[in-house]
Each structure stands twice: as structure tokens, then as C-alpha cells.
Amino acid sequence: MKFIKTNSILFALVLFGIGMSFSSCSTKRNTAMARGYHNLTSHYNVYWNGKQNLIAGADYLRQNAKDNYAKILPVFNYGGKKLAAQMSSRMKLTIKKAAMAIQNHSMVFGRKERIRWVRESYLMMGQAFFYKHDFTGARRVFDFIQKKYNFSPIHYFGTLWLAKTYIETKQFGKAEAALNLLSSQQNKKDFPKEVKNRLPLVYANLYLAEKNPSAAYPFLEKSIDVTHDKDLLSRVYFIMGQINRVEGHLKQAGSYFTKVIKRNPPFQMDFEARLNLAKSYNAANGDGKYIVKTLEKMARKNQYQIYRDQIYFALAEVAEKNNNDSLMVHYLRLSVSNSKDNNYQKSTASLKLAEDYFKHGNYVPAEAYYDTAVQFLPKDYPHYAQIKNKSLVLSQLVINLQSISTQDSLQRLARMDTTQLYALIDKKIAAFRAALVKKEKMAEAAATGNNIPGQLPGNNTNMYPGGAGKSGEWYFYNKTALAQGYNNFLRKWGPRKLEDLWFLSDKNTTMVNAGIAEEGNTPTGKLTSKTRNKKHLPTGPETREYYLKGLPRTEKQFQLSDSLIVNSYSKLGFLYLEELNDTTDALKTYLDFQVKYPDNQFRLQNWYHLYKIYSGLGKTGKATYYKDLILDSYPASLYAKVLNDPDYYKKLESKHNEAEKLYGRTYQAFERGQYYRVIAYANRAQEKYPDDTTIAPRFMYLRALSLGKVNVPDTLYKTLVQLITKYPHSPLVNRAQAIIKMLQLDYGIGISAKERAALLAAQKRKKGLGDYVYNSKAQQFVLLLANRRNVNIRALETRLSDFNQKYFRQNPLQINSLTLDNNDNLLLIRQFVNQQNAMVYYKSLAKDPYVFSGILKKNYQLFVISKENYPLFYKEKNVKVYQRFFNEYYQK
């Protein structure tokens with residue numbers, strides 16, 4: 001005992017760095033203690049190796065965790081699952097080292113762990129679990145430290161890390177409770193300074209995670225004086241700048257971002273600080289020239305190349321604050337065109353640009369940028385649904401605008417004199433050929449290294465992103481045009497594989513017929529002179545036929561073109577007026593429509609819309625003109641009724657409410673089986689509310705069902721046919737058609753016997769029921785299929801015979817045992833007068849415990865089959881098909 005005590009003291013002294021001399025000990029005891037010291041040193045090395053591994057992992061995490069600067073940063077960024085997976089092996093090694101130190105070196109006296117390294121190994125283990133995102137494991141370890149080592153200052157660290165774990169798992173209430181507990185213990189003598197200094201930062205991180213930056217701000221301020229980590233303090237300043245900018249305190253935000261820049265932070269944070277400094281610019285009390293100059297200088301430097309989209313967006317925000325709208329648009333377009341991998345930035349710039357175009361009524365470019373924004377915006381973006389809806393509306397608007405423009409152009413060309421038309425086409429061909437020659441020369445110059453510096457092939461003076469929409473711009477640098485073109489392609493062609501002749505479905509046949517097949521692929525295996533000549537004929541934009549093929553020539557083609565324009569005008573006016581609330585463009589569209597096509601089929605609606613627009617503008621004379629047109633030309637129309645009686649809709653609604661109450665009583669009577677009362681109510685409704693197309697079909701449907709209950713099925717069939725004829729668009733049509741089909745199949749009403757047989761056969765094929773014929777009155781057999789490998793067939797046959805003798809002695813039933821296939825035997829019980837008798841036997845047998853005792857259900861199957869269907873079943877031996885037939889006709 002004395003040795004153990006002395007040895008324990010030695011261990012404790014060494015662990016706490018005190019050390020001691022062995023000179024007073026005996027040789028034997030010195031040797032023992034020396035061994036203990038050696039083991040102790042070995043265990044310390046295990047702990048220290050694990051600690052170094054943990055520190056290296058934390059450094060790796062700090063260097064590789066990516067921040068989303070579009071949002072307010074968290075105080076601590078512990079990375080995502082992918083980064084945690086990369087660190088997993090390193091952290092597992094740390095956990096292993098900690099476990100070794102704990103297992104080999106734990107010394108508990110008086111229910112207290114006396115070895116500091118063991119306690120610290122537990123903390124190290126919890127941190128390793130935390131860094132590899134095993135938060136359940138981390139929580140258990142930190143909770144253990146907090147409760148088990150409450151006599152040691154290390155339990156404060158356990159509580160702090162427990163709070164961090166709760167924050168990461170979004171258990172904010174528990175995190176705050178843990179932090180409040182630490183806060184109440186700060187004045188204790190053993191409270192560690194490191195925990196005290198970290199407490200405000202963890203509080204701030206908690207409130208930022210809860211999306212409450214205002215609550216986090218005071219703790220960030222407190223942390224400034226106690227944070228000695230250079231990079232962490234820069235991060236604190238940056239977050240404070242972000243919060244101030246969000247809350248509108250731009251001057252204060254700018255001062256914090258300036259502090260960040262002066263601290264020489266990492267490149268990414270330095271760039272973001274400069275960017276946010278620009279965004280914090282206030283036109284009322286700031287000098288924008290310096291900021292613009294700084295940002296433009298950054299945009300020109302190669303080191304900021306991947307950030308140009310964000311730089312241009314910041315410049316756009318400065319231009320917006322300076323009320324320079326055209327410059328803002330310029331920079332936004334540069335931001336979109338320079339955005340390569342940052343989808344969030346691309347969508348944000350596209351959205352801002354789209355909203356500006358929309359605000360000024362430039363709907364075509366607005367549609368293109370809204371479409372781009374919707375493609376890249378996350379689904380949880382604020383007002384995403386409204387943005388997407390606006391994009392869809394504008395897409396429809398652009399389609400109709402393009403339709404009108406295209407058809408107008410085609411008709412104008414078609415009506416031109418042939419000489420003029422050919423002259424115009426020849427100019428197009430010459431321009432196309434000149435462009436080809438120019439392209440070839442530029443390609444040669446590029447190949448020889450003689451291309452003009454800073455200029456891409458094509459000799460385009462406006463190829464760089466940001467010139468979208470200007471003359472001379474190359475299409476493929478216009479991201480908006482590309483996005484719009486891609487969407488139009490998908491609408492027309494759908495998804496296509498990138499390959500030669502992608503637009504053809506049967507490439508081999510078409511290639512041969514078109515005379516463009518490769519040598520050896522012609523029908524004869526050789527290129528004939530005719531094929532060879534055809535192969536080298538010019539096609540595409542180099543021929544007149546290319547431009548003539550889309551022009552309307554016949555009267556029928558002109559009529560079709562007119563109908564496309566008329567429909568597009570009608571949709572366009574509605575979109576302007578009802579969807580975009582743009583009365584200016586709606587008025588212009590409706591007036592142009594009436595001038596070009598005065599007798600169009602939509603003129604009644606157009607006149608009413610013009611009446612509404614002019615009434616809203618206070619132009620009474622013009623509003624009255626269109627009102628009189630409607631009343632004179634369409635006196636019985638719904639529009640005329642509304643114009644004559646402003647309360648028409650209110651009266652209509654009142655009448656509809658009366659009909660709904662009557663329908664409620666009618667339906668209640670139907671549920672109670674009072675079918676004659678239902679018929680009486682429905683007849684009254686048809687007399688009182690014939691024009692209510694919403695509720696009239698419902699009354700008619702209940703009337704039809706009630707007639708079917710009190711009369712012959714033919715009456716039900718006839719009434720349902722009338723319902724479908726009178727109200728073809730009613731939601732009840734599908735139900736009515738289903739009942740009609742059932743009546744046709746079950747009773748042969750409305751169709752011939754041949755048609756009924758064809759319908760039954762088609763229905764069975766559709767359901768996979770084979771060629772079996774259902775006849776409930778035919779003689780029936782009962783089939784018992786049993787797996788011969790798992791069932792004793794003879795014993796089963798004996799028990800089945802006993803069952804028949806006991807319960808069905810009065811029926812002269814026979815049992816035949818047959819081989820069905822390689823696996824199953826078939827016991828055939830025959831015969832029954834009809835389906836009803838067979839099903840009584842089937843249900844009794846299926847429930848009998850004696851017959852199937854000791855047999856698993858998966859080893860046998862039981863069916864009823866008609867005498868006519870049995871030969872087909874035995875021939876095909878397809879049990880699954882007959883199972884479906886049996887379930888469809890017998891089980892139901």
C-alpha cells in the first residue's frame with residue numbers, strides 16, 4: 001500500500017510538472033518508479049500526438065471552410081459535411097489516441113479522476129467528434145465532462161463546447177441555457193480566462209444562427225477587447241460591418257470594413273471587405289469617385305478575374321445610389337456576362353436587371369433576365385413564387401410578340417414583287433457569304449498568330465461581356481440571348497443528344513434519301529454521279545429556297561398566318577391588362593388589333609377591355625363609344641348584361657347561393673335514399689337556374705343516379721348521355737363516362753353485342769387479364785395449387801377429402817390430382833353449379849385450419865375457375881395472369 005501511495009504521488013507530481021528526486025528511495029523502489037515514469041512519459045506522448053493531430057485538423061478546417069459572403073457570416077465556420085468527411089480519418093485517429101490515454105492512464109481516488117491528461121483527453125475526444133460533425137458523439141462526451149468533472153475547471157470547457165454543439169444542431173434553447181449557466185459562474189476563482197474570453201463570441205454565434213443579428217451585435221462589441229486571434233478579430237469586424245449595412249447604418253458599416261482592410265486579412269475577406277465598403281457607399285455624404293476608381297482598378301487586375309461579376313454588381317449599386325440608371329444597367333449586364341460559376345451572383349444581378357427593365361416597360365429583355373434568374377435562384381429565395389410567375393407571364397408575352405412580328409414579316413415579304421423579293425434575298429446571301437469569308441480569314445490569322453491583340457475571331461469590336469444588345473455584339477457573349485435561345489430550343493425540339501443530324505429521327509434512311517450519305521452507305525454501296533452532284537449542291541442560307549420556304553403563298557396559308565396573329569393579339573392584350581396591369585401597352589395593343597383585324601372573333605372582349613381602360617383613364621366619350629358598340633352588336637351577351645346592370649354579378653351570386661342551398665337539400669335526400677324527392681328538387685333547379693353552368697350539371701347528375709335507382713338502367717344511361725352533351729366541360733363528365741362504360745359492359749346498353757365483346761376483351765387486355773371469359777352462371781371448379789417440394793401432396797389430398805365429407809357431404813364433389821409444372825401440383829375440386837356455390841366452398845376452405853395445418857401460405861394458392869376457362873389455364877399455366885382475372889371478377 002505504501003508503494004502504491006508513493007507511486008501515485010510520483011505520477012501526480014510528474015503530471016502536474018512538479019517533478020521529484022529519486023535519491024532518497026531504495027534501489028528497488030527507484031527502479032519501479034523509473035518504470036512508472038517511463039510509462040507515464042509514453043502515455044503523455046500518446047496524448048500529445050492526439051493533441052497535435054487535433055490542432056492540425058482545426059487549422060485545416062479554418063483554411064478550407066468556405067464562407068457565403070452573400071449572407072451575414074457566422075462567428076465560427078465549421079464547414080459542411082463534405083469537409084467533415086475529408087477530416088474524418090484524422091479525427092478518428094485523434095479519438096483513438098484519446099481513448100488509449102484514458103484506458104491506460106486513468107487513476108480514480110475518492111471518485112475523482114486525479115490525472116489531468118485523462119480529463120483533457122476526454123475534451124480532446126469530444127472536440128474530434130465535433131470537428132467531424134458527429135454531434136451526437138460530441139454531445140455525449142461534453143455532457144460527461146460537464147457532470148463528471150465538476151470539481152475541475154475543465155468542466156467549464158465541457159459546458160462551452162456543449163453549447164457550441166447545441167448551436168450546430170439548432171437546439172438554440174439548450175445552447176442559450178448552457179451559456180447562461182457559464183455566464184452566472186464567471187466570477188468564480190477557478191473560472192478559466194480562455195472560456196471567459198470566448199463566451200461573448202459563442203453568444204454572438206448563437207444569435208446569428210437564430211437570424212437575430214441585433215441581439216448578436218452587443219456580444220460582438222464585447223469580444224473586441226478580449227479576442228487576440230488576428231484572423232478571428234478581423235472576422236468580428238467584418239460581421240459588425242455586415243450587420244450595420246443590413247440595418248442601414250452605412251457610415252458605421254464602412255468604418256468597420258475599412259478596419260478589416262487595414263488588418264491585412266486573407267485575400268477572400270480583403271476582397272469582400274472592399275466590395276462591401278463600396279456597397280456601404282452613401283451618395284448623400286460620401287465620395288463615390290474614389291470607390292468607383294478602386295473597383296474599376298480591381299476589375300482590371302487578373303487576380304480579381306473570378307470576382308469580376310461581384311465587382312461589377314457593386315459598381316451597379318454605386319451607380320444606382322447616384323441615380324445613374326443607364327450606368328447601373330451597363331454594370332449589371334457586365335456582372336451577368338462575367339458570372340461563370342457563381343450562380344447566386346448571376347441570379348441576383350439578372351433579377352435586379354430584369355426588375356429595372358420591367359419597371360420601364362422593356363418586357364422583352366426583362367423576360368430574358370427573369371428567365372436567367374429563375375434558373376439559378378434557390379427555391380427558398382424571398383418571393384421566389386412571384387418571380388417565377390412573372391417570368392412565365394413575360395415568357396408568354398414574348399412568344400406572342402414574336403409570333404406577331406414573325407407572321408407580319410412573312411406576309412410583307414410574300415406580298416412583295418418577285419424582283420424586289422429576290423433582290424432582298426440575294427443581298428442576304430451575299431452578306432452571309434461575306435461573313436463566311438471574313439470568318440475564314442480571321443481563323444487563318446488566329447492560326448498563324450496574326451490576330452489582333454485583345455480581339456477575338458470575327459473582328460468584333462464589341463465582343464467583351466457587357467455590350468449585350470449593342471450593334472456588332474457576338475451572340476455567344478450575350479448570356480441573356482444564349483439563355484433565351486436555349487429555352488426556345490427546348491420548347492420547339494425538347495432535349496436532344498449532341499450528334500450529327502440531331503434533328504432527324506431516322507438518320508440512315510434520311511441520309512441516303514437526301515443524297516448526303518457517306519461513300520459506301522448508298523443503296524448500291526457506291527456514290528453515283530447523280531448522288532455525287534446532289535451532294536455538292538449549295539444548301540441553307542446560300543440558296544433562295546432557304547428564305548422562301550417559310551413564306552405564305554396560298555390563300556389558305558395566308559388565313560392560317562392571320563389566325564396566328566389574331567390569337568397572339570388577343571393573348572397579348574390580356575397579358576398587358578390583367579397580368580402586368582400595363583394599361584398603356586394594353587390600349588395600344590387592342591387599338592392596333594382593331595385597326596388590323598376589325599372583324600376578328602375576339603372583338604366583343606376587345607371592346608369591353610377598351611371600355612374598361614378608357615373608363616379608368618377618365619375618358620368618358622371613348623368609353624361610351626365602346627359601350628354602345630357592345631350593346632348594339634351583342635345585346636344578349638354577358639358583357640351587355642354587366643354594362644346594363646352594374647349589380648348583375650351581385651344578383652348572379654345571390655341566385656347561385658340559393659341554388660347551392662337547394663343542392664344541399666337535394667344531396668341530403670340522395671344520401672337518405674329519397675330518390676323521388678331528389679328528382680323533384682333537380683327538376684325545380686333546372687327550371688329556376690338554367691344559366692348556372694356550375695351547379696346545373698350537379699343537379700342533373702344526382703337526378704340521373706336517382707332515376708337509375710327507381711327506373712331501368714336505360715334511363716340512367718340516357719340521362720348521363722344528355723349531361724355529357726349539354727355540359728361537356730363539367731368536372732362530372734369523367735364520372736358520367738365511367739358509369740356509361742359500366743352500363744355498356746354489364747348490360748350492353750347503347751352498343752351491339754359485338755361492340756360489347758370487343759370492349760370486354762380490350763378491358764381485359766389492358767388490365768393484363770388474358771383471354772379468359774367471365775360467366776358467373778357457368779359451372780365452376782375450385783383449384784388448389786401446392787408446391788410439391790414443400791408440401792406433402794398425398795396428405796393434403798386426404799385432409800381435403802375429410803373436409804368435403806364433413807362439410808359438403810350432400811355435394812357429389814370429386815378431387816383430381818394433376819401435375820401443373822415442375823414446381824406445383826394441382827388439386828381440382830369439381831364441380832359447382834355456378835359462381836355463387838363455388839365461392840361459398842372457396843371461403844369455407846380458405847379459413848379451415850385443418851386442411852392447411854403446417855403449410856405456409858406462400859406454398860399454396862386457391863382459386864375458383866369456370867369450366868370454360870379451365871382448359872385455357874391448364875394450357876398456358878400462367879398463374880399470375882389468372883390471379884389478376886380472379887381478383888378482378890371473383891374477389892370483388
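Here are the stops, starting with some ground rules.

This is a predicted model, where local features need pLDDT of at least 70, side-chain atom pairs count only at pLDDT 80 or more, and totals for chains, interfaces and linings use all residues. Residues are numbered from 1 along each chain as its sequence is written, and side-chain values use heavy atoms, with hydrogens and water left out.

Select residues 583-596 and 603-616, which are helices α25 and α26 (helices are DSSP runs of H or I, at least four residues, numbered from the N terminus). The two pack at about 140°, with their axes 10 Å apart (axes are lines fitted to C-alpha atoms over the stretch in contact, and angles run from 0 to 180 degrees between N-to-C directions). Now show side chains: in α25, Tyr590 and Phe593 are among the residues at the contact, and α26 brings Trp607 and Ile613, among others (contact means heavy atoms within 4.5 Å).

Next, pick Arg235 and Asp67, whose side chains meet in a salt bridge at 2.8 Å, N to O (a side-chain nitrogen of Lys or Arg within 4 Å of a carboxyl oxygen of Asp or Glu). Arg235 sits in helix α10 and Asp67 in the loop between α2 and α3, 168 residues apart. Arg235 is buried at 11% relative accessibility, while Asp67 is partly exposed at 23% (buried is under 20% relative accessible area, exposed over 50%, partly exposed in between, with a 1.4 Å probe and protein chains only).

Finally, jump to helix α5, where Asp143 and Lys147 lie 4 residues apart, about one turn of the helix. Their salt bridge has its closest N and O atoms 3.2 Å apart, and Lys147 is exposed at 57%.
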